[in-house]
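This briefing goes through the architecture of the structure shown below, topic by topic. Please keep the sequence and the model at hand while reading.

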Amino acid sequence: MDFFLQLLVNGICIGLLYGISAMGFVMIFKASSVLNFAHGELLALGAFFFLSLVTWGKLPIIVSFLLTLVGCFLLGFLIEKFFLRPLIGEKLIFVIMLTVGLAAMFKGLILLIWGGNLHTYPPFLPDALEIELGSIYIAPVYSMTLLISVVFLVLFGLFFKKSSQGIYMRSVADNQKAALSLGVHVRRVFALSWAIAAMVACMSGIVLGIINGVNVHDLSAIGLKVFPVVILGGLDSIGGAIIGGIIIGLLETFTGGYLNPSLRDVVPYIVLVFILMVKPYGLFGLVEIERV
Amino acid sequence: MADILLQLNNISVVYSDVIQVLKGVSLSVEKGHIVSLLGSNGAGKTTTLKAISGLLKPENGEVTDGEILYNGVNIQNQAPEFITRQGIIQVLEGRQPFKYLTIEENLRVGTATRPGKPYKQDLEMVYDYFPALVKRRKSLAGYCSGGELQMLVIGRALMAHPQLLMLDEPSLGLAPLVVLEIFRIIKKINEEHKTTIVLVEQNANMALQVAHYGYVMENGKIVMEGNSAELADNPDVKEFYLGMGASGTAKSYRDVKAYRRRKRWL
């Protein structure tokens, strides 16, 4: 029972992280219908930025974390400006191929700069984050993951529900033509969704780096896990991305814990295939509102 | 000569580089007036509005000839972000709400031309014009009725403080009483805010009742213009757009032939 609870807690923590990272993916898709295949590489980039700032730059953890977030936010902006914007109005397939190209480019850059070895962050998490509830022990990494995820979720919830910019972003996702007619700066919304997506991808990259160590191939493979997550949740549902993330996270930890650790990376994709057969729009995919 | 807010000089619009839809349209809109644009389907009314508001580009259309002057400034082929910030807001045909946003969020999108500025007062103003929206402010627009949606999209446009409001078929698919209500409010907006309004309508009867001036379009050209009263009295308009025979009786099939003949003659 204890083992079960332990796995449950870990699964939820990891799952939240997947969910938040998938949220960035969903945001780009909702705003501009682009599937971003470079998501995993963005994740890895975040982890390596942070690594450099911490180990080479010797900056304090909090400062490096914030700097990485800001840097990735800007990176997202630049990607949109230099790579995506010239393709506005072109066929969607070209844009998606472009993100595949971006993925290769980023991976190459990372290999060039940091090499393909496994790096680790110096241990910096305070023991105060350790939580013991009866017989369940939550490692500092996981409680930190939980904390960061919840903070991000609340911030994004507020942003999209309350702030004007958030509402403009949702309006573009909803009806682009109407948004244009009201003067919403659609290109700016695209840029912003890339920026936010890159930022949350980096954030999850850092946390996953703390848990598993920093390695290009592992991290970008984890980035691909957004696909089962978003397809489970429904490609265009941000809430679905979070729930999908938690489900995939739980599946992973449970197969790792009860079946075989080497199966944990396969199960999400098996689930993916089944979901596609049964519910092609995912659990929370948009069911068009039809007025009769 | 009164103040001219908007002037179209002989504009042509071409879609996808080949399909010419407007063939030299000229019209002018006086400040503070309601101007209606009448015509059958495919006459180019909506295209004219889109040419003004800059919404042609996403549909691969372009103003190839002529000029559009707004307050004396040339605005043709500008981006919609720019044009809306000059105070021209188009309310699209078919209502086009943001279905997954609540009524209030929909209205807030109307502030996109001036982000970060206070908007509470404008919300009150819109709820004042359209009291029906108040009790639905928290519900998703996708679940509202056609009449509510039409009020919503007009209200959303008002949030932008337009100087020139362009309405594309506000009566489309609405019950006659609702249409009456919408037109009453359009008139009220024009009187209270001095908003200049361009009204595209199939319901020529209603349109000519509220408008000061009218244009009739056919095949991408303006074929007739005049004060609303004059237009409503014109035998051709009466026959073809107000649905009355020349003698005031119902039409028969023979008149359809007459329509074809007349159309060529025009």
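A residue counts as buried if 20 or more other C-beta atoms lie within 10 Å of its own, as exposed if 12 or fewer do, and as partly exposed in between, with C-beta atoms placed from the backbone. By this rule strand β3 (residues 34-39) of chain B is mostly covered, with six of its six residues buried. The model is a predicted one, in which local features need pLDDT of at least 70 and side-chain atom pairs count only at pLDDT 80 or more, whereas totals for chains, interfaces and linings use all residues. Residues are numbered from 1 along each chain as its sequence is written, and chains are lettered from A and ligands numbered from 1 in the order in which they are written.

- Helices (H or I, at least four residues) and strands (E, at least two) are DSSP runs, numbered from the N terminus.
- Two strands pair if DSSP finds at least two bridges between them.
- Six strands of chain B form an open sheet with mixed pairing, in the order β6-β7-β8-β3-β9-β10.
- Its edge strands are β6 and β10 (221-227) of chain B, each of which pairs on one side only.
- From one strand to the next, the twist averages 15°.
- β3(B) is covered on both faces: I34(B), S36(B) and L38(B) are buried on one side, and V35(B), L37(B) and G39(B) on the other.
- β3(B) runs parallel to strand β8 (residues 196-201) of chain B and is joined to this strand by five bridges; L37(B) has V200(B) as its bridge partner in β8(B).
- β3(B) also runs parallel to β9(B), again with five bridges, and in β9(B) the bridge partner of L37(B) is Y215(B).
- β6(B) pairs in the parallel sense with strand β7 (residues 164-168) of chain B over four bridges, and V91(B) stands opposite L167(B) in β7(B).

**The four-stranded sheet of chain B**

- A further open sheet of chain B has four strands in the order β2-β1-β4-β5, and its pairing is antiparallel.
- The edge strands here are β2 (19-30) and β5 (73-74) of chain B, each pairing on one side only.
- Strand β1 (residues 4-15) of chain B pairs with β2(B) in the antiparallel sense over nine bridges, and S12(B) has K23(B) as its bridge partner in β2(B).
- Helix α1 (residues 45-53) of chain B packs on this sheet, touching β1, β2 and β4 (61-70) of chain B, and its direction makes about 70° with that of β2(B).

**Domains of chain B**

- Chain B is divided into domain 1 (4-100 + 161-233) and domain 2 (235-266), with bounds that come from an automatic or database domain assignment.
- Two residues are in contact if their C-beta atoms, placed from the backbone, lie within 7 Å.
- Domain 1 of chain B gives eight residues to the contact and domain 2 of chain B gives five.
- On the side of domain 1 that touches domain 2, α7 (204-210), β9 (213-218) and α8 (228-233) of chain B each supply at least two residues.
- By class, that side of domain 1 has six nonpolar, one polar and one charged residues. Nonpolar here covers Ala, Val, Leu, Ile, Met, Phe, Trp, Tyr, Cys and Pro, charged covers Asp, Glu, Lys and Arg, and the others, Gly among them, are polar.

**The contact between chains A and B**

- Chain B contributes 28 residues to the contact and chain A contributes 18 residues.
- On the side of chain B that touches chain A, α2 (80-85), β6 (88-91) and α3 (103-109) of chain B each supply at least two residues.
- The largest share of that side, four residues, comes from α2(B).
- That side of chain B divides into 13 nonpolar, nine polar and six charged residues.

**T84(B)**

- T84(B) is found in helix α2 of chain B and is buried, with 26 other C-beta atoms within 10 Å.
- Leaving aside neighbours within four places in sequence, T84(B) is in contact with L182(A), G183(A), I89(B), T113(B) and A160(B).
- The C-alpha atoms of T84(B) and L164(B) are separated by 9.6 Å, although these residues are 80 apart along the chain.

Key: Axes fitted to C-alpha atoms, helices over the stretch in contact; angles between N-to-C directions.
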